[in-house]
Amino acid sequence: METKVRKVSPGMLRDWMMSYLFLLPAFGFFIIFVAYPMLKGIYISFFNYSLRKFEFTGIDNYVHLFQNENFLKSLWNTSLLVLIAVPIVIVFSIFVAMTIYRKKEVSRSFFRGVFYLPAVSSVVSITVVWGWIYHPNYGVLNYLTGMFGADPISWLGNPKTALLSIIAVLITTSVGQPIILYVASLGNIPSSYIEAAQIDRASSWQIFRKIIWPMLMPTNLYIIVITTINTFQCFALIQLLTSGGPYYSTSTVMYGVYEQAFKLGNFGMASAMGIILAVVIGIISIIQFKYLGSDVEY
């Protein structure tokens, strides 16, 4: 049986070359600012690399990290941030989005702007505001609790409340984009589906579970993955509010990377911590795609 060879015309070759030429700038940025730093980080993680030393140590950096109590504490704190903040962000965003969607267009636009404002505001400015709210002597939060006779609390200075205080700030800065996306996705659900369910006397919970939630799965997958990644990379809030304290109770892996690299000058250890974090994020993202992406049509 003869195989027909398709001839490539000059026009097709020109279109092919032009297509890749347009991709070249983005590909160049990816190589320079993503691929090369990632490979360089993997390489450095096998060395004792500082301003004075550069000697090969193999996997000693990784072994030392998993024997380091402070790193294990940071890994645990990071996991708690994800396990607590991500579900709250998803549930709160869906609830607010459904509430906003039922309102008139003017009110809907107003509330979308209000909830999206923290997402486009400077993290530093938001953190400064929360720092004043949490201030132990003249913070707004202690003033409100004092009205009920409670004693002042050092919200960021107490190991029992510091991490929860960080989670509260993280949630307020993370719900803006999910709310906007959920409101837009709710507009793509045919109203005839919901009307038919209401005629069949389905409850609000049944309508949400059987119609709204499945049709929001593409948006759910995107928001859950992105929110999880962003939470794992939480750094600015920690640096500006607690610097990982007290007693490493709010230290995260990303803050540990910063501390090892720019405070202690141990770039090999910092690179190893970054690689471990990247592997953890990659594994969790694969699991999320496997179990949440099965019902998503691309």
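Biologist: Is Y247 buried or exposed?

Modeller: This is a predicted model, and the term rests on a cut-off. A residue counts as exposed when its relative accessible area is over 50%. Y247 has 74% relative accessibility, so Y247 counts as exposed.

Biologist: Where does Y247 lie?

Modeller: Y247 is in the loop between α12 and α13. Its backbone deserves a look as well: the phi of Y247 is near 55 degrees, which is a positive value in a residue other than glycine.

Biologist: Which residue in the loop between α9 and α10 can I compare with that?

Modeller: Look at R201, which sits in the loop between α9 (191-199) and α10 (204-215). R201 is not a glycine, yet has a positive phi of about 65 degrees. With a relative accessible area of 78%, R201 is exposed.

Biologist: Which peptide bond is cis?

Modeller: The bond to look at runs from G245 to P246, and its omega is near -5 degrees. P246 belongs to the loop between α12 and α13, and Y247 lies in the loop between α12 and α13 too.

Biologist: Now the charged side chains. How many salt bridges does the count come to?

Modeller: The rule asks for a side-chain nitrogen of Lys or Arg within 4 Å of a carboxyl oxygen of Asp or Glu. By this rule the count is two. One joins R108 to E105, at 3.5 Å from N to O. Another joins R112 to E105, where the closest N and O atoms are 3.6 Å apart.

Biologist: In which helix do R108 and E105 lie?

Modeller: Both are in helix α4, three residues apart, and that spacing is about one turn of the helix.

Biologist: Next, the surface. Which residues form a nonpolar patch?

Modeller: The patch is made of M18, L21, F22, L24, F27, F29, F30, I31, I32, F33 and V34, and together they have about 1200 Å² of accessible area.

Biologist: What about pockets: what volume does the largest pocket have?

Modeller: Its volume is about 560 Å³. There are 22 lining residues, and P37, V257, S271, G274 and I275 are the closest to the centre of this pocket.

Biologist: Which helix gives the most to the lining of the largest pocket?

Modeller: That is α14, with ten residues. At least two lining residues come from each of α1 (10-44), α13 (253-263) and α14 (267-292). Sorted by class, the lining of the largest pocket holds 16 nonpolar, six polar and no charged residues.

Biologist: How much space lies in the second largest pocket?

Modeller: About 450 Å³. It is lined by 22 residues, of which V123, L170, T173, S174 and N230 are the closest to its centre. Two or more lining residues come from each of α4 (105-120), α7 (162-174), α8 (176-186), α11 (217-232) and α12 (236-241). The largest share, six residues, is from α11.

Biologist: What classes of residue make up the lining of the second largest pocket?

Modeller: The lining of the second largest pocket has 13 nonpolar, nine polar and no charged residues.

Biologist: Last, distances. How far apart are G268 and G41 in sequence and in space?

Modeller: Read the two numbers side by side. G268 and G41 are 227 residues apart in sequence, while their C-alpha atoms are 8.2 Å apart in space. G268 has its place in helix α14. Its relative accessibility is 0%, so G268 counts as buried.

Biologist: And how far apart are N137 and I153?

Modeller: They are 16 residues apart in sequence and 8.6 Å apart from C-alpha to C-alpha. N137 is in the loop between α5 (123-133) and α6 (140-146). N137 is exposed, with a relative accessible area of 66%.

Terms used. Residues numbered from 1 in each chain as written. Predicted model: local features only at pLDDT ≥ 70, side-chain atom pairs only at ≥ 80, totals over all residues. Heavy atoms only, no water. 1 Å grid on protein atoms, 1.4 Å probe; cavity = no way out; pocket = protein on both sides within 12 Å on 5 of 7 lines; lining within 4 Å. Points joined across faces, edges and corners; volume = space filled by probe spheres on them. Helix = DSSP H or I, 4+ residues; strand = E, 2+ residues; numbered from the N terminus. Nonpolar A, V, L, I, M, F, W, Y, C, P; charged D, E, K, R; others polar. Patch = residues over 30% accessible without salt bridge, like charges linked within 9 Å, V, L, I, M, F, W, Y side chains within 5 Å. Areas by Shrake-Rupley, 256 points an atom, 1.4 Å probe, with all protein chains shown as cover. Buried < 20%, exposed > 50% of the residue type's maximum accessible area, 1.4 Å probe, protein only.
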